[in-house]
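These are my notebook entries on one structure. I looked up charged pairs, nonpolar cores, a hairpin and a surface patch.

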Amino acid sequence: DPIIVFDSEGNYVRSFGRGMFNNEHGLRVDRYDNVWVTDNGDHQVMKFSNSGELLLTLGVKGKAGTTDETFDRPADIAFGPNDELYVADGYGNSRVVKYDSSGNFVATWGVPGSGPSEFDLVHSVAADSRGRVYVSDRENNRIQIFDDKGGLLDMWTHLGATQNIFITPDDQVWVITHRDN
């Protein structure tokens with residue numbers, strides 16, 4: 001099973017997901033303890049209960065695309081302060097896709113490139129308590145920060161190629177980086 005749960009002391013609790021994924025790329029847990037997996041091989045984002053029950057699927061299995069219903073190798077997912085969802089649709093596409101808390105499409109932003117609001121591999125996404133959306137624009141060696149509607153607020157260019165972004169409940173931003181240029 002690709003999803004394995006351990007207790008705080010490292011003891012095996014349970015596992016799930018065998019045969020469900022082509023290439024599980026990202027995993028996040030929301031504030032309700034639901035487990036979200038981005039499968040960039042099958043172009044999907046899946047929501048599971050903590051016990052492993054499939055609750056929601058975004059994207060069409062095995063179908064890459066740029067429509068409101070499809071992804072092209074999504075990398076990550078984030079949760080806004082009102083439980084909205086942000087998907088880093090970055091390996092095949094260069095965009096962020098926003099959904100409401102029920103998984104209904106709301107908006108998308110981003111195009112390929114290196115200018116403001118353009119992306120070259122949206123690899124990670126995170127949202128803070130004020131609704132700002134931090135996007136790892138990995139191959140452009142920056143993080144772009146947007147409002148919840150996709151309006152560009154700021155750009156951090158001093159971190160090299162960022163892999164992942166994590167934001168604590170008190171809005172501390174943690175970044176994993178490599179290739180520090």
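I note that the model is predicted. Lys 149 has a relative accessibility of 68% and counts as exposed, whereas Asp 148, at 27%, counts as partly exposed.

I then looked up how many salt bridges the rule gives, and the count is nine. One of them joins the side chains of Asp 83 and Arg 31, at 2.9 Å from N to O. Arg 31 is exposed, with 59% relative accessibility.

I also recorded the salt bridge between the side chains of Asp 137 and Arg 142, at 2.6 Å from N to O. Are these two residues buried or exposed? Both Asp 137 and Arg 142 are buried.

The largest nonpolar core has 12 residues, among them Ala 78, Tyr 86, Trp 109, Phe 119 and Phe 146. Strands β8, β13 (122-127) and β14 (133-137) each give two or more residues to this core. Of the elements, β13 gives the most, with three residues. Another core, of nine residues, lies apart from the largest one and includes Val 45, Ile 77, Val 87 and Tyr 99.

I listed the contacts of Tyr 86, leaving out residues up to four places away in sequence. Tyr 86 touches Val 96, Trp 109, Val 125, Ala 127 and Val 133, among others. Its contacts also include Asp 76, Lys 98 and Asp 148.

I then examined the hairpin of β9 and β10. Strand β9 (residues 95-99) and strand β10 (residues 105-109) run antiparallel and are joined by four bridges. Val 97 has Thr 108 in β10 as its bridge partner. Five residues lie between the strands, and Gly 103 takes a positive phi near 90°.

My last entry concerns the surface. Ile 4, Phe 6 and Tyr 12 form a nonpolar patch there, with about 340 Å² of accessible area together. Ile 4 belongs to strand β1 (residues 3-6). With a relative accessible area of 43%, Ile 4 is partly exposed.

Note on methods: Residues numbered from 1 in each chain as written. Predicted model: local features only at pLDDT ≥ 70, side-chain atom pairs only at ≥ 80, totals over all residues. Heavy atoms only, no water. Pairing = 2+ DSSP bridges. Patch = residues over 30% accessible without salt bridge, like charges linked within 9 Å, V, L, I, M, F, W, Y side chains within 5 Å. Areas by Shrake-Rupley, 256 points an atom, 1.4 Å probe, with all protein chains shown as cover. Salt bridge = Lys/Arg side-chain N within 4 Å of Asp/Glu carboxyl O. Buried < 20%, exposed > 50% of the residue type's maximum accessible area, 1.4 Å probe, protein only. Core = buried A, V, L, I, M, F, W, Y, C linked by side-chain atoms within 4.5 Å. Contact = heavy atoms within 4.5 Å.
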